[in-house]
Amino acid sequence: MPRTMALDPLFTAVDSAAFTDRHLANLAAGTLAAVRVPGFLDSAACRAAVAASGRLPTADYDPARVPTPIVRFGPALNDYLGQDGDLDADRYWADAEAARATWHRAGMRPDPVAVSLARLGSAWGAAVTPATIGGRAVFGGTLREINSGAPIHYDDVNREAPQLFDQEVVAQLAFNVWVAVPPTGGQTTVWRHRWEPVDERHRRSYGYRPETVQHCQHVSLTPALGDGLLFNPGNVHAVRPNPGGRRIAFAYFLGLTTTGRLIAWS
Ligand SMILES: [Fe+2]
């Protein structure tokens with residue numbers, strides 16, 4: 001019998017009016033696929049964020065191929081890790097400090113990162129704090145425009161950079177909130193599959209070939225404006241390209257620590 005015939009009833013995408021502590025616990029446990037809060041940000045907040053993003057530095061782009069600059073703001077730790085998971089500390093902290101100053105100057109009101117962290121903290125019952133390295137708070141809350149999709153991959157700080165943070169992370173969640181969405185495409189798919197050593201057979205330079213998840217149960221979510229989404233990025237996931245429009249999201253990771261706290265990083 002194909003494995004897709006036997007479905008895990010707990011691996012679903014739930015729509016909810018708000019994120020709750022139960023959602024966070026079930027995502028951390030790895031049973032629930034995803035929780036989406038439609039209209040997590042209202043359209044005015046999304047417009048304000050996109051307008052302010054125009055005041056942020058943009059990634060290099062080729063005007064002949066892409067008509068508008070691609071929004072890419074804030075350092076992601078992954079981009080500063082060597083093969084062995086060591087952090088290129090000088091470069092990271094310089095970029096993190098610069099991003100903090102630029103963020104402040106852009107004057108984004110409301111600040112979707114601050115708003116979402118506050119709401120997740122109240123759902124959990126304790127404030128979300130930044131992950132720290134040597135006592136120093138890392139940058140949390142990147143803004144990314146992704147129109148060409150993202151390959152099948154997983155995110156797991158305990159594999160990518162064990163002992164990077166002062167805190168011990170027992171489960172990782174990914175948060176996204178969309179402030180611009182394309183008319184079609186751009187779906188996020190999460191498969192009921194965690195990385196296994198055998199998956200390396202299907203490895204590409206970045207990500208994995210579709211064979212990795214061929215018979216795995218999955219959920220696919222089409223982003224709508226202002227939607228907030230939480231999922232466990234230890235489950236492999238991918239983003240479909242959008243042929244037109246702009247897909248812009250604020251994104252960060254949450255970690256549940258051994259002391260029951262939530263920490264955040266990008
Ligand atoms: Fe990811």
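Mentor: Start with pairing: two strands pair if DSSP finds at least two bridges between them. Strands are DSSP runs of E with at least two residues, helices are runs of H or I with at least four, and both are numbered from the N terminus. This is a predicted model, where local features need pLDDT of at least 70 and side-chain atom pairs count only at pLDDT 80 or more, while totals for chains, interfaces and linings use all residues. Residues are numbered from 1 along each chain as its sequence is written.

Trainee: How do you know that strand β3 and strand β7 pair?

Mentor: β3 (residues 72-73) and β7 (residues 142-145) share 2 bridges, in the antiparallel sense. Two is what the definition asks for, so they pair. F73 has L143 in β7 as its bridge partner. β7 also runs antiparallel to β14, with 4 bridges joining them. There, T142 stands opposite A251 in β14.

Trainee: Why is L117 called buried?

Mentor: A residue is buried if 20 or more other C-beta atoms lie within 10 Å of its own, exposed if 12 or fewer, and partly exposed in between; C-beta atoms are placed from the backbone. L117 has 22 such neighbours inside 10 Å, so it counts as buried. L117 sits in helix α4 (residues 112-124). It touches V128 and A264, leaving out residues up to four places away in sequence. Contact means C-beta atoms, placed from the backbone, within 7 Å.

Trainee: And what makes G207 partly exposed?

Mentor: G207 has 15 other C-beta atoms within 10 Å, so it is partly exposed. It lies in the loop between β10 and β11. Beyond four places in sequence, G207 touches P151, I152 and H153.

Trainee: How do you know that the buried residues of α4 line one face?

Mentor: They are P112, V113, S116, L117, L120 and W124. Down the axis of α4, they fall within an arc of 125°, so they line one face of the helix. The arc is that of the directions from the helix axis to the C-beta atoms. These residues pack against α1, α2, β9, β12, β14 and β15.

Trainee: Which residues touch the most other members of the largest nonpolar core?

Mentor: L173, V179, L230, F231 and A264 do, in a core of 64 residues. Strand β14 (residues 248-257) gives the largest share, 8 residues. A nonpolar core is a set of buried Ala, Val, Leu, Ile, Met, Phe, Trp, Tyr and Cys residues joined through C-beta atoms within 7 Å. Contacts of L230 include F19, H23 and L27.

How values were computed: Contact = placed C-beta atoms within 7 Å.
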